[in-house]
Amino acid sequence: GTDGMFLCMFIIAFLFNWIGLLVSVCVTHTVAGRFGAISGFGLSMVKWVAIVKHNNWASGIAEGDSLIWWLLIVLGFLIFFRGCTQYIRIKYQWHRLEASMRNRIYLMF
(Lines give C-alpha, C1' and ligand atoms only; values in the text may rest on other atoms or scores of the structure.)
Protein backbone atom coordinates (compact mmCIF):
# COMPACT_ATOMS: atom_id res chain seq x y z
CA GLY A 1 0.00 0.00 0.00
CA THR A 2 0.87 3.64 -0.14
CA ASP A 3 1.15 6.40 2.41
CA GLY A 4 -2.17 7.74 1.14
CA MET A 5 -3.85 4.44 1.99
CA PHE A 6 -2.29 4.54 5.45
CA LEU A 7 -3.60 8.06 6.07
CA CYS A 8 -7.03 7.31 4.64
CA MET A 9 -7.57 4.27 6.85
CA PHE A 10 -6.06 6.16 9.81
CA ILE A 11 -8.62 8.95 9.42
CA ILE A 12 -11.54 6.54 8.98
CA ALA A 13 -10.58 4.57 12.10
CA PHE A 14 -9.90 7.77 14.07
CA LEU A 15 -13.20 9.41 13.20
CA PHE A 16 -15.47 6.38 13.42
CA ASN A 17 -13.80 4.52 16.33
CA TRP A 18 -14.65 0.78 16.55
CA ILE A 19 -16.81 0.80 13.46
CA GLY A 20 -14.10 2.62 11.53
CA LEU A 21 -11.52 0.07 12.64
CA LEU A 22 -13.68 -2.85 11.55
CA VAL A 23 -14.59 -1.25 8.22
CA SER A 24 -10.98 -0.29 7.51
CA VAL A 25 -9.65 -3.75 8.27
CA CYS A 26 -12.39 -5.45 6.23
CA VAL A 27 -12.16 -3.11 3.24
CA THR A 28 -8.41 -3.00 2.72
CA HIS A 29 -6.06 -5.88 2.13
CA THR A 30 -2.81 -3.94 2.26
CA VAL A 31 -0.30 -3.65 5.07
CA ALA A 32 -0.55 0.15 4.91
CA GLY A 33 -4.32 0.12 5.31
CA ARG A 34 -4.33 -2.34 8.17
CA PHE A 35 -1.66 -0.53 10.16
CA GLY A 36 -3.31 2.81 9.41
CA ALA A 37 -6.53 1.47 10.90
CA ILE A 38 -4.70 0.20 13.99
CA SER A 39 -2.97 3.56 14.47
CA GLY A 40 -6.21 5.48 14.03
CA PHE A 41 -7.95 3.30 16.58
CA GLY A 42 -5.15 3.90 19.10
CA LEU A 43 -5.54 7.67 18.90
CA SER A 44 -9.32 7.31 18.89
CA MET A 45 -9.03 5.46 22.17
CA VAL A 46 -6.96 8.29 23.65
CA LYS A 47 -9.52 10.79 22.34
CA TRP A 48 -12.44 9.02 24.00
CA VAL A 49 -10.65 8.56 27.32
CA ALA A 50 -9.95 12.31 27.38
CA ILE A 51 -13.56 13.15 26.44
CA VAL A 52 -15.04 10.92 29.14
CA LYS A 53 -12.59 12.08 31.79
CA HIS A 54 -13.23 15.79 31.22
CA ASN A 55 -17.01 15.78 30.73
CA ASN A 56 -19.41 16.89 33.45
CA TRP A 57 -21.75 13.92 32.95
CA ALA A 58 -18.95 11.53 33.85
CA SER A 59 -17.80 13.42 36.93
CA GLY A 60 -18.63 10.55 39.29
CA ILE A 61 -16.71 8.08 37.17
CA ALA A 62 -13.80 10.35 36.32
CA GLU A 63 -12.92 11.40 39.87
CA GLY A 64 -11.68 8.04 41.08
CA ASP A 65 -9.22 5.55 39.67
CA SER A 66 -6.97 8.00 37.86
CA LEU A 67 -4.47 5.18 37.37
CA ILE A 68 -6.97 3.43 35.09
CA TRP A 69 -7.37 6.59 33.01
CA TRP A 70 -3.61 6.93 32.61
CA LEU A 71 -3.24 3.25 31.71
CA LEU A 72 -5.90 3.57 29.02
CA ILE A 73 -4.21 6.67 27.59
CA VAL A 74 -0.81 4.95 27.57
CA LEU A 75 -2.34 1.86 25.97
CA GLY A 76 -3.90 4.01 23.25
CA PHE A 77 -0.61 5.74 22.51
CA LEU A 78 1.21 2.39 22.45
CA ILE A 79 -1.30 1.05 19.91
CA PHE A 80 -0.83 4.19 17.82
CA PHE A 81 2.97 4.06 17.91
CA ARG A 82 3.02 0.33 17.23
CA GLY A 83 0.90 0.75 14.11
CA CYS A 84 3.06 3.60 12.82
CA THR A 85 6.40 1.96 13.54
CA GLN A 86 5.36 -1.42 12.13
CA TYR A 87 4.17 0.24 8.91
CA ILE A 88 7.38 2.24 8.55
CA ARG A 89 9.51 -0.83 9.30
CA ILE A 90 7.75 -3.00 6.74
CA LYS A 91 7.67 -0.18 4.18
CA TYR A 92 11.43 0.28 4.20
CA GLN A 93 12.32 -3.40 4.50
CA TRP A 94 9.81 -4.69 1.91
CA HIS A 95 12.36 -4.90 -0.91
CA ARG A 96 14.75 -6.93 1.28
CA LEU A 97 12.24 -9.63 2.17
CA GLU A 98 12.02 -12.88 0.28
CA ALA A 99 8.91 -13.61 -1.78
CA SER A 100 7.65 -16.27 0.65
CA MET A 101 8.00 -13.88 3.60
CA ARG A 102 6.19 -11.12 1.67
CA ASN A 103 3.23 -13.40 1.08
CA ARG A 104 3.16 -14.38 4.75
CA ILE A 105 3.21 -10.75 5.91
CA TYR A 106 0.60 -9.80 3.32
CA LEU A 107 -1.76 -12.56 4.41
CA MET A 108 -1.12 -12.10 8.14
CA PHE A 109 -2.19 -8.47 8.17
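**View 1. D3 and K91 form a salt bridge.** The two side chains meet at 2.8 Å, N to O. A salt bridge here is a side-chain nitrogen of Lys or Arg within 4 Å of a carboxyl oxygen of Asp or Glu. D3 belongs to helix α1 (residues 3–27) and K91 to helix α4 (residues 66–93), so the pair ties together parts that are 88 residues apart in sequence. Helices are DSSP runs of H or I with at least four residues, strands are runs of E with at least two, and both are numbered from the N terminus. Side chains of opposite charge can pair when their charged atoms come close. D3 is partly exposed at 39% relative accessibility. K91 is also partly exposed, at 35%. Buried means under 20% relative accessible area, exposed means over 50%, and partly exposed lies in between (1.4 Å probe, protein chains only). The count by this rule is one salt bridge.

The model is predicted: local features need pLDDT of at least 70, side-chain atom pairs count only at pLDDT 80 or more, and totals for chains, interfaces and linings use all residues. Residues are numbered from 1 along each chain as its sequence is written, and side-chain values use heavy atoms, with hydrogens and water left out.

**View 2. The whole protein has five helices and zero strands.** From the N terminus on, the elements run α-α-α-α-α. Of the 109 residues, 37% are buried. Contact means heavy atoms within 4.5 Å. Among contacts between residues at least 6 apart in sequence, 70% join residues at least 24 apart. The protein exposes about 7,100 Å², and carbon and sulfur atoms supply 72% of that area. Accessible areas come from the Shrake-Rupley method with a 1.4 Å probe; for residues, only the protein chains shown count as cover.

**View 3. Helix α1 bends by about 150° at N17.** The bend at a residue is the angle between axes fitted to the seven residues ending there and the seven starting there. Between its end C-alpha atoms, α1 spans only 16 Å, whereas a straight helix of 25 residues would span 36 Å at 1.5 Å a residue. The expected span is 1.5 Å times one less than the number of residues. N17 has a phi near 55°, a positive value in a residue other than glycine. Most residues other than glycine have a negative phi. N17 is buried, with a relative accessible area of 16%.

**View 4. The buried residues of α1 pack against α2 (31–53) and α4.** These buried residues are F6, M9, F10, A13, N17, G20, L21 and S24. S24 has a relative accessible area of 1%. Leaving aside neighbours within four places in sequence, S24 is in contact with M9, I12, A13 and A37.

**View 5. The rings of F6 and Y87 are stacked.** Their centres lie 4.6 Å apart and their planes meet at 15°. This pair links distant parts of the chain: F6 is in helix α1 and Y87 in helix α4, 81 residues apart. F6 is buried at 10% relative accessibility. Y87 is buried too, with a relative accessible area of 7%. Rings of Phe, Tyr and Trp (its six-membered ring) pair if their centres lie within 6.5 Å; planes under 30 degrees apart count as stacked, over 60 as edge-to-face and the rest as tilted. By this rule the count comes to six aromatic pairs.

**View 6. Ring pairs link F10, F14, F77, F80 and F81 into a cluster.** In the pair F77 and F81, the ring centres are 6.3 Å apart and the planes are at 25°, so the pair is stacked. F77 and F81 both lie in helix α4, four residues apart, about one turn of the helix. Residues three or four places apart in an α-helix point the same way, because there are 3.6 residues a turn. F77 is partly exposed at 33% relative accessibility. F81 is partly exposed as well, with a relative accessible area of 48%.

**View 7. Helix α4 has 28 residues.** From the first C-alpha to the last, α4 reaches 40 Å, close to the 40 Å expected at 1.5 Å a residue. The residues W69, I73, G76, F80, G83, C84, Q86, Y87 and I90 are buried in α4.
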